[in-house]
Amino acid sequence: MGTTIKKIDMPSGAKESFDDVSAIKGTLTPEIVIALCGPMGTPLHAVAENFKELLLGSDYHYETVNIIKLSDEIRNVSELQNEKSISKLIEAGNTLREKYGNEVLAKLAIRKISLEREKTSGNKMPEDSAPEATVRHCHIIDSVKHKDELKLLRSVYGEMLYVVGVYAPIELRIAQLEKNKQGNENIYELIDRDSGEENDHGQRVSDTFPLADFFLRIEQQTDTHRKKRVKRFLDLILGTSIITPTLNERSMYAAFSAARNSACLSRQVGAAISDEKGDVLATGWNDVPKAFGGLYQNDSLIGASDQDHRCWNINGGKCFNDEEKDLISTAIIDLLIKEAVLKEADREKTFEIIRKGSQLKNLIEFSRAVHAEMHALLNAGAVHGSKISGGKLFVTTYPCHSCARHIVAAGIKEVYFLEPYRKSLATKLHEDAITENENDNSKVRIMPFDGVAPSRFLHFFSSHPQGRKQDDGRLKRAEAYPVTSVTMEAIPTLESLVVRGLESQKI
């Protein structure tokens, strides 16, 4: 791990002739890192193998594909080489995060990537040289379970990293876990635990999954089905085919863009409604309504006016919903003290318990903002009222229970979301009308989004930097090369910092 940034010697007496642009371009690398993330029971290992097989094939010509299983890293570090119990591996992973930091498994993956690159380079690099930039390596990390792991990987690899969120319907996941479980393990408990443990050092797939660059829904267990889905993403990553967005991808990008309009202190949420044909009818976002219609927004480049009464610009910049919940908590405590049920000395501790440990923390009823879904429904209804029924709603965050009733009443058929929302009671309060079962067409289906993440939409649907046609007007067959390629100059240095950190922790 002694590599440093490669030196480029200037020709003596020929400063003007040195082509620094070409020198920089020469450091760009086709090397890529693919990180998989998915809920327990998803066929992540099979997807990793599909990526490997396709990348080594004639369409992409990659030289090496290295699959790094983080479960194996847990076994090695925790001395559990032969352990197959899922629950014991989860416990071991949690222990490692608690002891060495939440990103420790990502650090182990980075070390493996660095060592693999050195091995394939033959360990013949001089000390003042960076690894050869032209080698077509791919490293697949199977799989990321915590957002801090993903944060570190992105800080080291930047645009070289592609995160794929893999999802399968719950019935397929249960069937897969039934095959692999050890002894009397409860698969439903494992699924819940994997989704999001209360412990900060635990697995937090529900927080990590929405941060993916691609969302890949595996609806069938056939190899053919997976390969077709994986190949589309590889064609987008490597620019080998002209691919345009699906109707759903266009709609979710519209929702994602709309969310940027929001000045809500809690979170920015965007929504888009499409008709049965897939045409976007309207968008919406969460923000405070103003008199006589519409929401507050900036009307000029100058910024907010004196008439902008959104929460951030009044009330000392405090969320009204949080303020009301604080008042309710205080009122409850005052009453308990008055009735001699509680001592004044316990006020502060009790406030923390009520405010952050009870269901009170999940209340959303006191927010001044119109929710994104409601705003989109209002906008669509004003112009396209008759087209809403049977349409789809795309929203960046899972609908809350307040919006759910409006979605049902408006006649929306399907809802697609990016981020989960644990406060929502949508399926509990409207079990008769809403379902998360993808196969139940008798109710409004709420499903995770499938396709290119809107945050990467412009990267992968813009025309190739080399253009699409030749001088004679025919389609140009582009060589497989990452459309977001990065320089190899800094990567080994960043990897070295991570590896030295592991060595200091004696891992």
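## A walk through sheet, helices and pockets

Let's start with helix H14 (residues 372-388), which lies across strands E7, E8 and E9 (392-397) and runs at about 160° to E8. Helices (H or I, at least four residues) and strands (E, at least two) are DSSP runs, numbered from the N terminus. Angles run from 0 to 180 degrees between N-to-C directions, and axes are lines fitted to C-alpha atoms, for helices over the stretch in contact. This is a predicted model, in which local features need pLDDT of at least 70 and side-chain atom pairs count only at pLDDT 80 or more, while totals for chains, interfaces and linings use all residues. Residues are numbered from 1 along each chain as its sequence is written, and side-chain values use heavy atoms, with hydrogens and water left out.

Now look at the sheet itself. It is open, has 6 strands in the order E8-E7-E9-E10-E12-E11, and its pairing is mixed. Two strands pair if DSSP finds at least two bridges between them. At the edges sit E8 (280-285) and E11 (434-435), each pairing on one side only. E8 and strand E7 (residues 270-274) are joined in the antiparallel sense over 5 bridges.

Ser274 lies in E7 and stands opposite Val280 in E8. Is Ser274 buried or exposed? Ser274 counts as buried because its relative accessibility is 1%; buried means under 20% relative accessible area, exposed over 50%, and partly exposed in between (1.4 Å probe, protein chains only). Leaving aside neighbours within four places in sequence, Ser274 is in contact with Ser251, Asp279, Val280, Leu281, Gly391, Lys392 and Phe394. Contact means heavy atoms within 4.5 Å.

Next, find a pair of helices. The axes of H6 (residues 147-157) and H18 (residues 491-504) come within 9 Å and cross at roughly 145°. H6 brings Leu152, Ser155, Val156 and Tyr157 to this contact, and H18 brings Ile491, Leu494, Glu495 and Val498. By class, the contact has 6 nonpolar, 1 polar and 1 charged residues. Here Ala, Val, Leu, Ile, Met, Phe, Trp, Tyr, Cys and Pro count as nonpolar, Asp, Glu, Lys and Arg as charged, and the others, Gly among them, as polar.

On a 1 Å grid over the protein atoms alone, a cavity is a set of points where a 1.4 Å probe fits but cannot get out, and a pocket is an open set with protein on both sides within 12 Å along at least five of seven lines; lining residues have an atom within 4 Å of a point. Grid points are joined across faces, edges and corners, and a volume is the space filled by probe spheres set on the points.

The largest pocket has a volume of about 1,000 Å³. Of its 34 lining residues, Arg173, Ser195, Phe417, Pro420 and Glu436 lie nearest the centre. Which element gives the most to this lining? H8 does, with 5 residues. The second largest pocket holds about 880 Å³, and Met40, Gly41, His45, Ser71 and Ile86 are nearest its centre among 36 lining residues. In this second lining, H7 gives the most, with 5 residues.

There are also 2 cavities of 30 Å³ or more. The largest cavity contains about 110 Å³ of space, and its lining divides into 9 nonpolar, 2 polar and 3 charged residues.
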